[in-house]
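Let's take a look at how side chains meet in this protein. Have the sequence and the 3D view ready as you read.

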Amino acid sequence: MARTYSSFNGFKIYEVGFPVGEDAAYFVIIEGQRHYFKTRVQAELYLSRFV
């Protein structure tokens, strides 16, 4: 099964097929753990501060 994702700063931002938790629609795997976000922009902002 293929997952939809885009790349940002060397990380893959995956689109969730269905909302999880607090309606998260995206996740990024950082150091082996999933981090969930409601929007792609939130994920990018987090990653720009993380790197």
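Start with Phe37: with a relative accessibility of 11%, this residue counts as buried. Keep in mind that we're looking at a predicted model.

**Rings that pair up**

How many aromatic pairs are there? The count comes to four.

| Aromatic pair | Centre to centre | Angle between planes |
|---|---|---|
| Phe27 and Tyr36 | 5.8 Å | 50° |
| Phe37 and Tyr46 | 5.5 Å | 50° |

**Charges over rings**

Over the ring of Phe27 you'll find the charged end of Arg34, 4.3 Å from the ring centre. Over at Tyr5, the charged end of Lys12 sits above the ring, 4.7 Å from its centre.

**A salt bridge**

Which side chains meet in a salt bridge? They're Glu44 and Arg40, with 2.0 Å from N to O, and the salt bridge count for the model is one. Both residues lie in helix H1 (residues 40-50), four residues apart, so about one turn of the helix separates them. Glu44 counts as buried because its relative accessible area is 18%, under the 20% cut-off. Arg40, at 31%, is partly exposed.

Notes. Residues numbered from 1 in each chain as written. Predicted model: local features only at pLDDT ≥ 70, side-chain atom pairs only at ≥ 80, totals over all residues. Heavy atoms only, no water. Salt bridge = Lys/Arg side-chain N within 4 Å of Asp/Glu carboxyl O. Helix = DSSP H or I, 4+ residues; strand = E, 2+ residues; numbered from the N terminus. Buried < 20%, exposed > 50% of the residue type's maximum accessible area, 1.4 Å probe, protein only. Phe/Tyr/Trp six-rings, centres within 6.5 Å; stacked < 30°, edge-to-face > 60°. Lys NZ or Arg CZ within 6 Å of the ring centre and 35° of its normal.
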